[in-house]
Amino acid sequence: MTDKKVDKVKVIHGAGGKAMDELIGGHVLSTFTNKSAGMIGLDNLDDGATIEGHDGKTLVLTTDSHVVSPLFFPGGDIGRLAISGTVNDLAVMGADPVAMTSSIIVEEGLEMDVLDRIFQSMEETCKEAGVPIITGDTKVMEKGNIDKIAINTAGVGVVNQPVTDSGFSPGDKIIVTGTIGDHGVALIQFREGLSFKTKLKSDTAPLNHLLKLAREAGKITGMKDPTRGGLAAALNEMADKSNLGLTIYEAEVPVKEAVTGVSDLIGISPFNVANEGKAIIMATADTAEDVVGALSEEPLGEDAKIIGEVTEERPGKVILETEVGGRRFLDAPLGDPVPRIC
Amino acid sequence: MKFKFKDKERARQLVGVIEDYVPDRGIKIVHVCGTHEVTITNNGLRSLLPQEIDIREGPGCPVCVTPTRDLDAAVKIAREGAIVTAFGDMMNVPGTDYSLNDLKSEGADVRLVYSASDAVEIARSTQEEVVFLGVGFETTAPMTAAVLAEDPPDNFSIIPSNKLIPPAMASLMELPKNNVDGFIAPGHVSTIIGCQPYEPIAEKYEVPIVVGGFEPLDILYSIALIVKGISTGSPTVENGYPRAVNYGGNPRSQKLIEDVFEVDSGLWRGIGRIPASGLALRDEYKSHDALVKFDVDPEEGEDVLPNCLCPQVLTARATPDQCGLFGEACTPDHPYGPCMVGEEAMCNIWFKYGGRPQL
């Protein structure tokens with residue numbers, strides 16, 4: 001039984017929760033020493049990093065690897081996910097995406113047709129976002145050495161004033177751009193073969209145009225995309241980094257009825273599962289309504305709502321005021337309850 | 001108007017009733033069901049209640065109370081080459097040396113099932129011996145009884161570990177300095193047994209017992225009835241969940257249990273033996289008793305782990321946050337005691353949703 005004590009990488013270490021924080025803090029940040037090329041670097045653990053460019057402009061760089069099972073799911077596929085994920089990481093930094101790279105590792109034996117469908121989906125998503133793929137790499141591994149395909153994308157954007165995930169102040173409102181939990185719950189439902197009469201779909205989408213409208217409509221003080229670990233993980237990260245309290249009103253958080261139903265049935269919380277087409281936005285109290293107004297005119301933001309506010313109470317913590325009026329901490333999940341979804 | 005199970009206004013009204021009736025002293029209300037604990041913590045109900053009211057979970061998690069002896073028996077039988085089947089949560093509970101999952105990674109044939117009938121299906125498809133670890137309360141006992149009553153194949157047997165809730169509630173009242181002032185009786189169990197079995201307890205120990213449902217308003221309603229019972233000095237049994245539970249319960253399920261099992265003393269992990277709280281197989285079903293079939297010596301394993309507060313938590317004498325291991329040496333990812341393992345287990349639920357933070 002002694003081999004149980006040997007520290008090994010587990011699925012949960014990649015799930016966006018506390019276990020992943022331990023991996024990054026204890027193994028990544030502690031090893032590397034040269035970690036910054038601008039205001040925001042690796043140590044900030046934000047969605048991307050900044051590079052002080054020439055001509056006074058700031059560049060934002062981000063990268064993301066994608067593995068998802070199954071490759072095609074209701075509402076998306078690994079190609080759409082690989083583009084959206086990186087575009088959204090740039091967009092929540094307040095940046096306009098300029099260009100992307102695509103690096104693919106394929107398993108020997110994958111049908112060419114499957115690869116073509118993935119490429120086609122990447123092409124369509126790039127068009128939607130208005131971002132070119134300007135360089136790439138392809139590797140093939142022997143059968144059994146990787147599961148079908150893994151895609152890494154990197155993206156560069158430009159920004160005048162980077163938006164971080166911690167720059168907000170007490171009194172600012174917390175906005176979510178739409179219903180939460182759609183991606184994670186749609187994947188669970190599809191994977192487990194749960195057949196309900198609901199047509200749950202992943203929300204995978206590039207958000208750069210939507211978030212640009214938000215930036216123009218009000219004063220944005222913080223943004224983050226709640227992917228792995230869901231809204232709970234993202235809010236806790238924001239509370240922790242800003243050392244401010246976040247209060248969320250459960251009754252105001254938009255959740256599709258079907259998502260609530262499936263979540264209740266299988267015993268998970270929509271707060272803890274991934275979104276791939278949503279953003280959390282902090283805006284000043286006097287402009288928050290304008291931001292929501294601008295968002296809700298767009299299809300990707302039609303369910304946008306103010307769900308809470310930034311406070312000085314309980315620094316570093318997220319407090320949930322429940323639908324029945326109770327209060328409890330909304331903690332970050334240990335990991336996403338659904339592995340391999342992004 | 002659409003009726004909502006989570007209605008802030010109705011919740012406020014119920015809390016008003018509770019505040020009107022709550023006595024000036026601290027009172028301890030115990031529920032006996034993991035699903036109740038999830039509703040309470042997930043909805044932050046403790047923060048709505050007057051400080052005088054302390055709500056605790058008793059021995060309501062089937063995984064937590066399954067004795068090490070039965071787990072060790074399953075481990076031993078799996079080692080002898082039989083296919084051992086169990087509910088998902090049971091797989092991670094630490095036995096004396098091994099959990100079933102540990103054994104699985106060593107190559108033993110241990111399989112997760114959702115019911116005893118899944119295990120019978122496996123038995124019908126193989127020549128191998130198939131053993132089902134039959135844990136749970138009155139809610140799972142009828143399902144296990146049903147498959148045994150329907151003449152399962154000879155290669156199917158169970159480790160009988162089903163338990164009865166009312167005797168466990170009575171046993172809490174016998175513990176010194178436990179001071180339980182009222183019980184929320186488990187809704188699911190009560191759909192089977194009805195309300196009558198709680199009456200002798202309410203009468204003998206003079207505590208109100210209210211059968212409770214699983215929505216936050218159900219829980220607040222049950223608490224309101226309990227504090228009313230305490231303050232008016234009428235400790236009776238009331239049905240706070242009439243949309244699912246009737247007074248007599250489900251006679252067909254009761255008969256199934258009675259036909260297949262006989263009441264025996266039950267061994268509860270962390271609590272010990274409780275008279276008339278276990279279900280043993282009747283003689284005519286002994287050929288499906290895995291302990292007999294595999295001649296497993298029923299020696300009692302180590303139920304209490306050093307420094308683990310599970311026994312106190314399971315008997316409502318401590319809350320998870322009072323345990324020095326909670327959240328540090330004992331987490332859902334690396335459970336030390338059984339109360340951190342299952343979805344129904346109090347430490348696991350408190351880890352996920354927090355307990356009673358002063359918010």
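Tutor: Happy to! Start with a pair of helices in chain B: α1(B) and α12(B) cross in a left-handed way. Keep in mind that this is a predicted model.

Student: How do I describe such a pair, and what are the angle and the distance between the axes of α1(B) and α12(B)?

Tutor: In general, two packed helices are described by the angle between their axes and the distance between those axes. Here α1(B) and helix α12 (residues 216–231) of chain B pack at about 15°, and their axes are 8 Å apart. Angles under 35 degrees count as roughly parallel, so α1(B) is roughly parallel to α12(B).

Student: Which residues make the contact between α1(B) and α12(B)?

Tutor: On α1(B), they include B:L14, B:V17 and B:I18, while α12(B) contributes B:L220, B:I223 and B:V227, among others. By class, the residues of this contact are 13 nonpolar, one polar and two charged.

Student: How many residues does each chain give to the contact between chains A and B?

Tutor: Chain B gives 18 residues and chain A gives 15. On the chain B side, α1 (8–21) and α3 (45–48) each supply at least two residues. That side has eight nonpolar, five polar and five charged residues.

Student: And what domains does chain A have?

Tutor: Chain A is divided into domain 1 (45–159) and domain 2 (173–329), with centres 23 Å apart. In their contact, 22 residues of domain 1 meet 22 residues of domain 2. The largest share of the domain 1 side, 10 residues, comes from α2(A).

Conventions:
Residues numbered from 1 in each chain as written. Chains lettered and ligands numbered in written order. Predicted model: local features only at pLDDT ≥ 70, side-chain atom pairs only at ≥ 80, totals over all residues. Contact = placed C-beta atoms within 7 Å. Helix = DSSP H or I, 4+ residues; strand = E, 2+ residues; numbered from the N terminus. Nonpolar A, V, L, I, M, F, W, Y, C, P; charged D, E, K, R; others polar. Domains from an automatic or database assignment. Axes fitted to C-alpha atoms, helices over the stretch in contact; angles between N-to-C directions. Parallel < 35°, antiparallel > 145°, perpendicular 65-115°, else oblique. Left-handed = near helix turned anticlockwise from the far one by under 90°.
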